[in-house]
Structure formats: structure tokens, C-alpha cells
Amino acid sequence: MKVFKQIDLTKGTPWKVILLFSLPILLSLILSNAFSLINALVLKVTVGGDSVTAINSTSSISMILFNFAYGCSGGFVILLSSYFGKKDFTQLRKSFYNGLFLSVLVGLVITILGLFVYEDLIKLLKIDEVYFNKAKDYYYIILFSFVLMVISNYLSNALRAIGDSSAPLIISLIATLFNVIFAFIFTGLIKWDTQGVAVATLLANLFSCTISFIYIFKKYDYLRIHRDSFKLEKDMSLHMLKLGLPLGLQWAVLFVGSFFQSRTINGFGNGLATKAVSCYSPIEQYLCMPLHAMSSALLSYVAQNFGNNDWVRI
């Protein structure tokens, strides 16, 4: 099927290639966002409802972080798409490694800042004392997995930038399956409660990064490590930051309202309102995903054709 092949977005009927390209992205987003849902379902089976409420009560923080990572990586790879459209594979390789360095840097900065303020953020959410320690344990480990999350998002978006939207889908599917297995092991057998599902998420992201690197280096020789791969170019890196940071903030700001909504709901006390909203919020996230998938597809489409100087096609 064409949907499982690399797509050159500078060729073919625009609406058809955009649609074919966006479908795997949509499925990948569903699977990536399924980590929290899977964690909740596993905890419900192995531990109980209070642990589910504990991790769901911090979901607004997790969504801000996830969407900031996704937006930044989406902005960093705009140059990759442009160079792919030009078929300038030397600059494409350089931009790939510059973007990878920036992704690691952004991930480390957010992790370090998060470790200083995560308890204050959880307190600001007015989480009930019954769930506070469980939520704190979960979020603390999730912070340590944030660098891996950023890298995983970057590698997926880098593949989409060169027209390969099917590989991230397959990798996300396998990582999701591993997340389920790890979550059952750490909560059902080892009895780590919310810490168990957080460790499962960390390992699933590590697995996703590893498989992505192996796939990229094996299939795309122009992205393999070269003697100039780790030579950062100041102008290129600044250009990437100018593209990535505003996009990351734009995606994150969309969920700032959810943070204050969660704070208000948690303030009602007794946890019943928190449990009710935690049942609904995943539905809201999934309803927005088709728009997110289409915007990601259009980002790659416009960037590739910009690199190809095809203004009529844009």
C-alpha cells in the first residue's frame, strides 16, 4: 500500500499525498498519547482506582510537556524537509544532527527546571492528599523520561520530514505494546504502583529511541554518522530554535487552560470531580488529534515544496 511507503511531497496530486501522508501520523499520535491511557487501565486492573486518579490528576502537566516536545521537534525538522525538497543531502544530514543536539538540550533544560518546581506544580493543582504522594512519585519519574520523549518525538518528526510517516507508526505500535508489558510487570508483579507505570513509560520511550536510530541508520545512508555530524553550526542551530521554540510554546499553550481547569476541579475536594473529569479528558484529546495530524502533514508538505521552490504547489 502507498500509505506504507516513503512519500515525496513535491510530487503527485497535493490533496492525495497530504491525505496519505497524514493517516499514519494520526495513528502514531493516537498510540503516543495512549501511554497515559494504558497506564491508567493497567493500574485499574493491578492496583486500584486511587492510583488511576493520581496519574490522571497530573495529566494537564504531562500534556503541556508532551506537546511542547512535539511542537519543538516539529519546528526543528522544518529545515530537514526543506533540504529534502532541494535534494541537498549534505545539509540535510547536518540539520538532522543539529536538531538532535537541540532536542537533547531542550529536554535536559525542561527536566532540570521540572525537578526544581514539580512539587510546587503538583501543589498548585490542589491534588487531594489521598493522591498527592502517588502523583508525585509518578511525575518525578516521568520528568526523567522527558529527554527520551523529546528525542523520540524528534526522530519521528525527522522521518516524517523526509516523507516517511509509516515507520514512526510501526515504532509507536511496538513501543506501546512494550509499555503494556512493562506496566503489567512493574505494577502487577513487582507492585511499584504509580512508579511502575512511570518506569514502563520511560523504558518504552528508550525502546522507541533505540529502534528509531537503528531504522534511520540502516535505511537512510545520508543520515548516518559522518565526520562532520557533531559539528554544530551556529546559524543553523539559531534558525532551528527560532522555528522550534515558538511552535513548541504554541502547542503547549493550548493545554495551559487545562492546567487551571484541573486546579479548579481538584479544589472541589473528595476526588469525585477529579475522577469524573479524568474519564472525559482522554476523549477530548483524541477528538483534537485529526487536526494535529493534518497540521503536521501540512508542515512537511509546505517545507518540502518551499525547498523545491514550487510556490504554485504550496
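The structure is a predicted model, in which local features need pLDDT of at least 70 and side-chain atom pairs count only at pLDDT 80 or more, while totals for chains, interfaces and linings use all residues. Residues are numbered from 1 along each chain as its sequence is written, and side-chain values use heavy atoms, with hydrogens and water left out.

**Nonpolar patch**

Trp15, Leu19, Leu23, Met294 and Leu298 make a nonpolar surface patch of about 460 Å². Two or more residues each are given to this patch by α1 (14-46) and α12 (272-307), helices being DSSP runs (H or I, at least four residues) numbered from the N terminus. The largest share, 3 residues, belongs to α1. Tryptophan 15 is located in helix α1 and counts as exposed at 56% relative accessibility (buried is under 20% relative accessible area, exposed over 50%, partly exposed in between; 1.4 Å probe, protein chains only).

**Helix packing**

Helix α7 (residues 146-161) and helix α9 (residues 193-219) have axes that come within 9 Å and cross at roughly 35°; axes are lines fitted to C-alpha atoms, for helices over the stretch in contact, and angles run from 0 to 180 degrees between N-to-C directions. Among the residues in contact (heavy atoms within 4.5 Å) are Leu148, Met149 and Leu155 of α7, together with Leu202, Phe213 and Ile216 of α9.

**Salt bridges**

The structure holds 4 salt bridges, each defined by a side-chain nitrogen of Lys or Arg within 4 Å of a carboxyl oxygen of Asp or Glu.

Lysine 87 is partly exposed at 37% relative accessibility, whereas lysine 11 is exposed, with a relative accessible area of 56%.

Glutamate 233, in the loop between α9 and α10 (234-253), pairs with lysine 94 in helix α5, so parts 139 residues apart in sequence are tied together. Glutamate 233 is partly exposed, its relative accessible area being 27%.

Key: Patches are made of residues with over 30% relative accessible area and no salt bridge: like charges are joined within 9 Å, nonpolar side chains (Val, Leu, Ile, Met, Phe, Trp, Tyr) within 5 Å. Accessible areas come from the Shrake-Rupley method with a 1.4 Å probe; for residues, only the protein chains shown count as cover.
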